[in-house]
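I opened the notebook to go through one model, topic by topic. The entries below follow the order in which I looked things up.

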Amino acid sequence: MSDAAPQLVDDPSTPGRSVPKKKANAPFLAHRNSQAARGAAEAAQQQAGAPQRSLAARILKWSVVALLLAIAGGQFVAGDPIWGYRGKYVKKHYWFPPPQRQFTPAELALYDGTDKTRPIYLSIMGQVYDVTKGRRIYGPGGPYDFFAGRDASRAYVTGCFSKKSGHLTHDVRGLKGEELRALLDWRTFFDIHDDYFQIGKLSLPKVDTSKPPPPPCASPVGAVPA
Ligand code: HEM
């Protein structure tokens with residue numbers, strides 16, 4: 001029997017603690033060693049990933065702060081969180097477009113509002129819009145019912161609204177640059193209108209170029225887009 005004190009070794013997982021180095025402790029020390037090694041590896045891994053993650057988190061955080069400030073500023077300054085922006089990007093239908101279909105003139109004519117069970121569609125420059133929410137305006141007897149169920153692009157800028165004027169047509173021959181720009185403005189009007197949305201396109205019949213474009217009418221309403 002020996003009086004010699006058992007040799008002590010550091011407990012790898014508890015700084016400052018020592019344990020006797022004897023055979024019986026070997027499994028315990030091996031287990032502690034592997035735990036400590038795993039802990040060190042994880043710490044090293046975390047340290048390597050930390051700067052990248054914290055930069056991304058900071059960018060995200062400041063983006064959210066900037067967005068909230070812009071919204072609050074808009075509400076405070078302009079009384080509108082999106083600063084009065086009313087373009088296509090804030091339209092529900094821009095993000096969730098309804099299924100688009102191709103119309104013939106005869107098909108489009110079915111949507112002129114006379115059949116109350118159907119929606120009301122109109123076309124401008126070959127683009128068909130659902131204007132059902134404007135039934136009061138485009139439905140039968142409404143002030144602009146002649147625009148429904150057809151493409152009357154020419155009339156939007158000439159102000160010739162009677163059927164016999166021949167201006168309720170997509171034939172825009174002879175219109176000046178300024179008038180064509182006004183026509184584009186009307187199309188934008190339907191594009192960004194809160195209640196209207198594009199539903200498809202119209203297969204426009206070929207314009208008969210053997211005939212002259214409709215002559216100016218005697219009493220055009222004459223105005224530019226609202
Ligand atoms: C080229 C000439 C014109 C064209 C193409 C035109 C076209 C239109 C269209 C498409 C609408 C319906 C807008 C909507 O869906 O909300 C509208 C509304 C209106 N327009 Fe015109 N317009 C013209 C001239 C005029 C003129 C000269 C006046 C005034 C004398 C006028 C007065 C109105 C009014 C009051 C409304 C609102 C109708 C309502 O909400 O009941 N328009 N216009």
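Which residues lie nearest the centre of the second largest pocket, and how many residues line the pocket? I am working from a predicted model. I found 13 lining residues, and those nearest the centre are Lys91, His93, Tyr94, Asp191 and Gln198.

Entry on the pocket, continued. I noted a volume of about 220 Å³ for the second largest pocket. I then sorted its lining by residue class and got seven nonpolar, three polar and three charged residues. I also looked up which elements contribute to this lining: helix 2 (92–95), helix 6 (177–192) and strand 6 (197–202) each supply at least two residues.

Entry on domains. I looked up the division of the protein chain and found domain 1 (8–78) and domain 2 (88–202). Taken over C-alpha atoms, the centres of domain 1 and domain 2 are 62 Å apart.

I placed Tyr144 in the loop between helix 4 (135–138) and helix 5 (153–158).

Entry on aromatic rings. I counted 21 aromatic pairs in the structure. One of them joins Phe147 and Phe161, with ring centres 5.7 Å apart and planes at 75 degrees. I record this pair as edge-to-face, because the angle is over 60 degrees. Phe147 sits in the loop between helix 4 and helix 5, while Phe161 sits in the loop between helix 5 and helix 6, so the pair ties together parts 14 residues apart in sequence. Phe161 has 21% and is partly exposed, because buried requires under 20%.

Entry on C-alpha separations. I looked up two pairs of residues. Asp185 and Tyr156 are 29 residues apart along the chain, and their C-alpha atoms are separated by 9.9 Å. Asp185 lies in helix 6 and is partly exposed, at a relative accessible area of 45%. Val128 belongs to strand 5 (residues 127–130) and is buried, with a relative accessible area of 0%.

Entry on backbone angles. Where does Trp83 lie, and what is its phi? I found Trp83 in the loop between helix 1 (26–78) and helix 2, with phi near 55 degrees. This is a positive value in a residue other than glycine. Trp83 is partly exposed, with a relative accessible area of 48%. I noted Met125 as well, where phi is near 50 degrees, again positive in a residue other than glycine. Met125 is in the loop between strand 4 (121–124) and strand 5. Its relative accessible area is 32%, and I list Met125 as partly exposed.

How values were computed
Residues numbered from 1 in each chain as written. Predicted model: local features only at pLDDT ≥ 70, side-chain atom pairs only at ≥ 80, totals over all residues. Heavy atoms only, no water. 1 Å grid on protein atoms, 1.4 Å probe; cavity = no way out; pocket = protein on both sides within 12 Å on 5 of 7 lines; lining within 4 Å. Points joined across faces, edges and corners; volume = space filled by probe spheres on them. Helix = DSSP H or I, 4+ residues; strand = E, 2+ residues; numbered from the N terminus. Nonpolar A, V, L, I, M, F, W, Y, C, P; charged D, E, K, R; others polar. Domains from an automatic or database assignment. Phe/Tyr/Trp six-rings, centres within 6.5 Å; stacked < 30°, edge-to-face > 60°. Buried < 20%, exposed > 50% of the residue type's maximum accessible area, 1.4 Å probe, protein only.
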